[in-house]
Each structure stands twice: as C-alpha cells, then as structure tokens.
Amino acid sequence: RVTPDTSLLPVWRRIHQAMVLRLSRHGLPLSLAVALLRLRTQEAAAEPAQLADQLLLPRQTMTFVLDALERRGLARRHPHPVDRRRKVIRLTPKGDQRAQAILDDLIAYETDVARLTFTETEASAFRLTVTRLAGVMEQLSLAAPSA
C-alpha cells in the first residue's frame with residue numbers, strides 16, 4: 001500500500017525540477033521551450049488547440065505562447081491546407097535549430113545521469129520499467145473516474 005512516506009510524488013517533483021532547471025539554461029520561458037520541443041518531435045503538423053491539449057495548457061495561454069514564439073522568429077502560424085478557419089504551426093529554420101539544440105542537450109543530460117547512476121543493463125531495465133509505468137498511468141488517467 002502506498003502512503004505519503006512511500007509515494008513517488010517527491011521523486012517525480014525532484015526529476016521535474018531538475019529537468020526544468022536544465023531547460024532554463026536555454027534562455028526561454030518553460031512554456032516556450034516545451035512547445036518548441038513538442039513541435040520538433042511530433043510527426044504531424046500541429047494546430048493551436050491540439051498543441052494546447054498536448055501541453056495541458058489553456059487555449060488562451062497557447063495563444064500567448066505562439067505569439068511569443070512568432071515574435072522570437074521560432075515558429076509561424078500558417079493557413080490550414082483544407083480549412084481556412086484553422087491554422088497549423090510550423091517551426092522556422094531558426095526554431096527548428098533551437099529546438100534541436102535543446103533536445104540534444106536534454107538527451108546528453110539524461111545520458112550523463114544514466115551513465116553515472118546505472119550499468120547498461122540497469123539502464124535498460126529502468127527504461128523498460130518506467131515506460132511500462134507511463135503506459136499504465138496513461139491508460140488509467142483516460143479511464144472513467146472510479147466512484
């Protein structure tokens with residue numbers, strides 16, 4: 001049975017805080033850095049509402065984030081290819097380069113941390129375990145709330 005003393009919540013907070021501190025080295029507000037990373041790593045073109053949902057941001061905050069990305073020359077909103085009422089967001093070459101640099105830095109950071117913490121076998125087992133945990137957490141968060 002998980003109790004406040006055995007919960008992983010403090011661990012998640014510490015990991016989140018370490019990643020946020022690492023991201024802050026790139027000189028962007030957190031919401032902009034996370035949006036850049038999401039735009040860089042997703043395959044399909046993003047629309048503002050979809051991006052807001054993926055980043056768990058209110059739609060009005062997403063508008064602010066996109067305005068800021070455009071002011072910095074990192075992303076642009078373009079007309080949707082089929083529906084004139086909708087927009088798609090694309091990184092500019094400068095935004096793509098910046099996002100890739102941030103992504104490379106985060107991967108290098110994760111690699112360094114893993115190398116200092118685990119053997120290769122332990123790192124592989126940890127990645128598998130955390131991936132399974134994340135999958136179950138996603139499933140349960142999408143399930144109907146229990147009474």
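Guide: One term before we start: helices are DSSP runs of H or I, at least four residues, numbered from the N terminus. And note that this is a predicted model.

Visitor: Which helix gives the largest share of the lining of the largest pocket?
Guide: H6 does, with 11 residues. Helix H6 covers 120-142. H1 (9-24), H2, H3 and H5 also supply at least two residues each.

Visitor: How much space lies in that largest pocket?
Guide: About 2000 Å³. Of its 41 lining residues, Trp12, Ile15, Met19, Glu110 and Val130 are the closest to the centre.

Visitor: What's the lining like by class?
Guide: It has 26 nonpolar, nine polar and six charged residues.

Visitor: Switching to H3. Which residues are buried there?
Guide: Leu51, Ala52 and Leu55, in a helix that spans 48-55. Down the axis of H3, these buried residues fall within an arc of 100°, so they line one face of the helix.

Visitor: And what do they pack against?
Guide: Helix H2 (30-41), helix H4 (59-71) and strand E2 (87-91).

Visitor: What follows H3?
Guide: Leucine 56, with a positive phi, near 60°.

Visitor: Now the largest nonpolar core. Which residues touch the most other members?
Guide: Leu28, Leu36, Leu51, Met62, Leu69 and Ile102, out of 23 residues. H2 gives the most to this core, six residues.

Visitor: What does leucine 28 touch?
Guide: Leaving out residues up to four places away in sequence, leucine 28 touches Ala33, Leu36, Arg72, Leu74, Arg98 and Ile102.

Methods. Residues numbered from 1 in each chain as written. Predicted model: local features only at pLDDT ≥ 70, side-chain atom pairs only at ≥ 80, totals over all residues. Heavy atoms only, no water. Buried < 20%, exposed > 50% of the residue type's maximum accessible area, 1.4 Å probe, protein only. Arc of directions from axis to C-beta. Contact = heavy atoms within 4.5 Å. Core = buried A, V, L, I, M, F, W, Y, C linked by side-chain atoms within 4.5 Å. 1 Å grid on protein atoms, 1.4 Å probe; cavity = no way out; pocket = protein on both sides within 12 Å on 5 of 7 lines; lining within 4 Å. Points joined across faces, edges and corners; volume = space filled by probe spheres on them. Nonpolar A, V, L, I, M, F, W, Y, C, P; charged D, E, K, R; others polar.
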